Amino acid sequence: MKNRVQRFTTGAAAIVAAAALLLIAAAPASASTTPEPTTRVDRAAVEPDAASPGCSSDFAVSKTLRSGNSWGLCWRIDDKRGLILSDVAFDARREGAGSVNVLDEIGVAQLNVPYDIGGTVYNDITEYGFGGSFMQPMSQIECHEGTIIDAAGLSAEGRPAICVKEEDRGVAHRSYDGQYWGARGTSLVVSMVSKVGWYEYVTEYRLQDDGQIDVRLGATGDLSPGEYTNNPNGGWPIGGATDVDTFASNHFHSVFFRVDFGIGDGEQKVEKLEVARDGQVFNNPQLRSTMTDVPTERKEFIEPHGGFRVVNPTSLNADGHARSYDIVMTPDQSYNQNPQTDYDVAFTQHRSNEVYASQNRWLAVDGERDEVTDYVSDSEPLTDPVAWVNVGFHHVVRDEDQSPMPIHWQSFTLYPRDFTSQSPNIPEGRLGVNGNPAPDTGGENPDSHYPPRVQPGGGGGYEATPLLSPIPESIVPGTNLATYASAHVDGYYGVGDSAANGPQNINDGDSGTFWDGDHDSRPGTVTYRWSQFITTDRAEVAWGNWGNYNLPPASWTLEYLAAGGRWLPVELLDGQYGTDSSTFGQPRVANTLRFAPVQTNSMRLRAERGDAALMLWDWDVFAPGTGPTSEPTPEPTPTVSPEPSATGTPRPTDTGSVTPPAADAATASVTTNPIAEGARQVVRAEGFEPGEPVGVVMYSEPKTIGTYLADSAGVVDFAFTVPDVGSGKHELVLTGQQSGIAARVSFAVVEPAGIASVLATTGLSGPPVQMLGAALLAIAIGVFAVNRRRRRFHFA
């Protein structure tokens, strides 16, 4: 499902900002230790910053996380089941596929609590409930730095009970290959609290910025005073008393979640992963992993090293692999002592009247069957699977449980498998890492640019420049960008003057390399890799010859790494792939290529050998604009409109500023104007080619903001932190790196205290200013009320 972005009108947002600043400026400056009151947000009073799901604005959550990836979902409060999420969709911005559905619905389906002493069993969902009067008001303790919104339950309209927030989840990834690649990740967290008897439960869904979903139930509150025993085998001694009933009864919490999958569009199926020993290699066992279909309804236990996934064979990522989600369950303490609980996970065909894991017949609308055991009894084919996940915890009571009881969590994970073609949080410099970096045949995978780390002369290629050189902030037009690249030479046994003499860099302008083509019929490949995106529109290649031993290639091409890890040939503007050459002691002869500008972090030269081994003296790659060449240019250099340079940063002029390029058919808008330095600005642009990378630069003192992928409709949505650029009017220029289409949008930047300082210098303070701020705020509320039905949530 494709979600669109809706935002406040700029005027309304400006009114709110002005009102808030006036009220703050007029308030007395005094410290207070009084705790902050619970934040209560009306469901329609805030606006989204991500694609919105297909439900009314009162029940929609849309959030673009700091990584640029976003989640959209609907929520509701069921009187029995509590917090239910539906229409859950994930948009990985670099994948370019837009918002892809993951779940049709997820929620608690039963909480079975049997006590070890026997005779006492509670089914907290069907006999009591998590919604209605059992739903608890949320405070900032449970919703730290989050937004609390009013919940609409069957018995609790208007109760501030739903917490939504973005939360740091720790290290997202780390790698070092001569350059450090590390980042922290965040999660969209949606939660509520319910009180059943003496226990208080936190239902929590954590939707990570990499597509993973962690589903948790936390239990806290107090031990039930009515559940003590004198049986030491059924409880644990609590406190210092030694008289009767000093043992708090041990018990189980078996929570059942109903997970209704909806991956993409079309039918889905269930597969089972089985891992078994399959022989031995030397002293190590060899394991065999197989995926087998689960064609019909059934109950299952998780076997050691095994698991299950739900896959949509017709919903494909950019690599052509079917999207799926694994159900990951760690070994837990499930209570499997009766037919209602004797499974880890069960799969049933979707039926709207199969709602509860047990006691379904007397609660579900038109409920015909009572429990999961009944649901699977007729072994229906699975084409729209629902998973019933049983996560258990055996609560062996301890002294530390008094009081209140420290919260304990029981959880499982929905783990994306091939939902995207690469990591959703992949850095720009790693976009080309997609496939085997060093296949067994030696050299480089044609579908990957990540260079293998091998020694020269081994037939597997050589990393001629192992460490990537940093690219300067500003690039002079015509700069040879090859000097900042790592150069990987693919195969052919000889690198440099000979295999024995070691590497010679073909990007240093002085020396070259040989390919011993007699040993391999594959095309010779040289790959340049940069630490960040560069922009280029010209290259020069100098071929060598040495009698019958080394000759120029029969043919060759120049390619760049495009969005989605695809290698594409450059689009030549004039000339052809020349093979002019020179031998030892002669001046180098450059074969010049001019092509449509490309932005990439990797390029490769691919050459087919002719009647002898290949010989390459030099390969240079230039930033746009006039620069030195190896030979006179026969025609005037085409004029190139100012655009992002090798680092995406526009080249400076003599005046110290840059005039941004003119806009084309694309349009762009921002949500906040004016905006303070250090604040988050949200940008939307339309009119680019589907899936193309779009470079973003802020003028007039140029600063690179980043590169973002347009979605399947040619739309780019992103947020960035306004850099320290000084007060005044500034402009964003967005340039499509394949189409050349540009869009621009202007806004004013103020210092963080800029507007408030104006109030101070003009002498405005006290009640008059407060009245003016209140009046502006009232106008803004009126604007919001008029647009209430069109609003979504914004959780910054």
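Q: Tyr325 and Phe419, buried or exposed?
A: In this predicted model, both Tyr325 and Phe419 are buried.

Q: How are the two rings arranged as an aromatic pair?
A: Edge-to-face, with 5.4 Å from centre to centre and 65 degrees between the planes.

Q: And where do Tyr325 and Phe419 lie?
A: Tyr325 is in strand 19 (residues 322–328), while Phe419 is in the loop between strand 22 (405–417) and strand 23 (462–463). The two are 94 residues apart in sequence, so their pairing ties those parts together.

Q: How many aromatic pairs does the count come to?
A: The count is 17 aromatic pairs.

Q: Which residues do ring pairs link into a cluster?
A: Phe130, Tyr199 and Tyr201 are linked into a cluster by ring pairs.

Q: What about charges, which ring face does Arg216 lie over?
A: Arg216 sits over the face of Trp409, 3.7 Å from the ring centre. Another such case is Arg538, which lies over the face of Phe622 at 4.0 Å from the ring centre.

Q: Back to Arg216. Which side chain makes a polar contact with the Arg216 side chain?
A: The side chain of Glu204 does, at 2.7 Å. Glu204 also has a side-chain polar contact of 3.0 Å with Arg206.

Q: Where is Glu204 found?
A: Glu204 belongs to strand 9, which covers residues 199–208.

Q: Is that glutamate, Glu204, buried or exposed?
A: Glu204 has a relative accessibility of 8%, so it counts as buried.

Q: What is Glu204 in contact with, leaving aside neighbours within four places in sequence?
A: Val189, Val190, Ser191, Asp214, Val215, Arg216 and Trp409. That list includes Arg216 and Trp409, the residues of the charge-over-ring arrangement.

Q: Switching to cysteines. How many disulfides does the structure hold?
A: Two. Counting bonded cysteines along the chain, the pattern is 1-2, 3-4.

Q: Which cysteine is joined to Cys55?
A: Cys74, with an S to S distance of 2.1 Å. Cys55 is in the loop between helix 1 (10–26) and strand 1 (60–64), and Cys74 is in strand 2 (residues 70–78), so the bond ties together parts 19 residues apart in sequence.

Q: Left-handed or right-handed, the Cys55 and Cys74 disulfide?
A: Left-handed, because the torsion about the S-S bond is about -110 degrees.

Q: What relative accessible area does Cys55 have?
A: Cys55 has 18% and is buried; the cut-off for buried is under 20%. Cys74 is also buried, at 4% relative accessibility.

Q: Now Cys143, which cysteine does it form a disulfide with?
A: With Cys163, the sulfur atoms being 2.0 Å apart. Cys143 is in the loop between helix 2 (124–127) and strand 6 (147–151), and Cys163 is in strand 7 (residues 159–176). The pair links distant parts of the chain, 20 residues apart.

Q: Why is the Cys143 and Cys163 disulfide right-handed?
A: The torsion about the S-S bond is about 80 degrees, so the disulfide is right-handed.

Q: And are Cys143 and Cys163 buried or exposed?
A: Both Cys143 and Cys163 are buried.

Q: Last one, Pro285. Where does it lie?
A: Pro285 is in strand 16, residues 284–294. At 46% relative accessibility, Pro285 counts as partly exposed.

Q: What is Pro285 in contact with, beyond neighbours within four places in sequence?
A: Arg277, Gly279 and Gln280.

Note on methods:
Residues numbered from 1 in each chain as written. Predicted model: local features only at pLDDT ≥ 70, side-chain atom pairs only at ≥ 80, totals over all residues. Heavy atoms only, no water. Disulfide = S-S within 2.5 Å. Helix = DSSP H or I, 4+ residues; strand = E, 2+ residues; numbered from the N terminus. Buried < 20%, exposed > 50% of the residue type's maximum accessible area, 1.4 Å probe, protein only. Polar contact = N/O pair within 3.5 Å; in protein donor to acceptor, adjacent residues only side chain to side chain. Contact = heavy atoms within 4.5 Å. Phe/Tyr/Trp six-rings, centres within 6.5 Å; stacked < 30°, edge-to-face > 60°. Lys NZ or Arg CZ within 6 Å of the ring centre and 35° of its normal.
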